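Dear colleague,

Please find the structure below, together with the sequence. My notes on the findings follow it.

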Amino acid sequence: MIRPARPADQASSDGLPPLRPDGDGPRWRRTVVAERAGEVVGLASMQLDPVTESYLCEVAVAPAHRRAGIGTSLYGAACQLLERPYRVQARAMASQPLRRLFAEALGCEVVRHHPEPWADPTTTPWQQWIDAHPVPGGHTALTLAEADPAGVRRAWLQYDEWSHASVGPVRPHHLVDAWERYRAGLDADTSTVVVEDAAPEEVLAFCLVSAQQWEGRTLAVSETAAPDQEDGVALLEAAVARTLLRLGARGVRRVELEGHTDDPHFPVLVAGLPEHDADPMDLLALRRPAAG
């Protein structure tokens, strides 16, 4: 049986993420579940991204119940709950091949690619890379705690607006709220921004570290504030190097550098990194099921 999720529901089957509550307004979310013999064996959630006017979809089915059409039924039921004709998107990492296969079965196209390299700043090759990428002359690297808050916010809003161009039509008035939520979860002492000495209130590149880990990974968003930033690769490398230096001093051994190929500087940075593992991710646009 496919039905809307209830507050009392629990994803009791192995392989399912915890159920998150529904919401309305800018943080709109709806979830449907598949139930068998009183047990939740699958779920599909849709969450509105008001910045890009798109929905982010997640579908999960317990391993023992896969290949029975449950995922497809869940996706169809979740799509029926959508209030607007916005694009439906999903994330698929290399470490999640079943997600990619499922998306391809539904019909999908790649919207954006994220290389997602992993760094271990406690090892010699990475320490050598850090030493080889100082801050360019005329510039200074600051921690987030040291930087001008208004300047950091301006840089992030500027970056987020142009970087979402491939994802959907950007609604800038929602970006400020998105920044405040994101900022609250950052590690201000290891996150780095690079500024020009002549205008220290203007952030040119950044490497922003999430305070909480995900599956043992410390996530660090590494981007330039503008896609046409002069000396953007060197500035971005300096921001990443200073962040890795601080994380390495803490003994952090798996840093996932989050960036994407829409920023022309990030792929160049990745190509020059020491040998590394990675978990590349694609943002996918999913085909909606036909009406009826």
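Are Asp279 and Arg217 buried or exposed? Both Asp279 and Arg217 are buried, where buried means under 20% relative accessible area, exposed over 50%, and partly exposed in between (1.4 Å probe, protein chains only).

Before the details, a note on the basis of these values. The model is predicted, so that local features need pLDDT of at least 70 and side-chain atom pairs count only at pLDDT 80 or more, while totals for chains, interfaces and linings use all residues. Residues are numbered from 1 along each chain as its sequence is written, and side-chain values use heavy atoms, with hydrogens and water left out.

Salt bridges

A salt bridge is taken here as a side-chain nitrogen of Lys or Arg within 4 Å of a carboxyl oxygen of Asp or Glu. The count under this rule is 9 salt bridges. Helices (H or I, at least four residues) and strands (E, at least two) are DSSP runs, numbered from the N terminus.

Asp279 and Arg217 form one of these salt bridges, with 2.9 Å between the closest N and O atoms. The two residues lie 62 residues apart and link distant parts of the chain: Asp279 is in the loop between helix 7 (265–271) and strand 13 (281–286), and Arg217 is in the loop between strand 10 and strand 11 (218–224). A network of salt bridges links Arg217, Glu256 and Asp279.

Arg99 and Glu58 also meet through their side chains in a salt bridge (3.3 Å, N to O). This pair links distant parts of the chain, 41 residues apart, with Arg99 in helix 2 (residues 97–106) and Glu58 in strand 4 (residues 54–61). Arg99 is partly exposed at a relative accessible area of 32%, and Glu58 is partly exposed at 28%.

A further salt bridge joins the side chains of Arg154 and Glu202 (3.2 Å, N to O). Here too the pair links distant parts of the chain, since Arg154 belongs to helix 4 (residues 149–163) and Glu202 to strand 10 (residues 199–209), 48 residues apart. Arg154 counts as partly exposed at 39% relative accessibility, as does Glu202 at 35%.

Helix 5

In helix 5 (residues 175–183), the buried residues are Leu175, Ala178 and Trp179. They sit on the same side of helix 5, because they cover an arc of only 100° around the axis; the arc is that of the directions from the helix axis to the C-beta atoms. Helix 4 and strand 10 are among the elements that cover these buried residues.

An open sheet of 6 strands has the order 7-12-11-10-9-8, with mixed pairing; two strands pair if DSSP finds at least two bridges between them. Strand 7 (118–119) and strand 8 (139–143) stand at the edges with a single partner strand each, so one side of each has no neighbour in the sheet. Strand 9 (residues 192–196) and strand 10 run antiparallel and are joined by 5 bridges. Glu196 has Ala199 of strand 10 as its bridge partner.

Cysteines

With a disulfide defined as a pair of cysteine sulfur atoms within 2.5 Å, the count is 0 disulfides. For Cys57, the closest cysteine sulfur is that of Cys79, at 6.5 Å, which is too far for a bond. Cys57 counts as buried at 8% relative accessibility, and Cys207 is buried with a relative accessible area of 1%.

With kind regards

Methods: Contact = heavy atoms within 4.5 Å.
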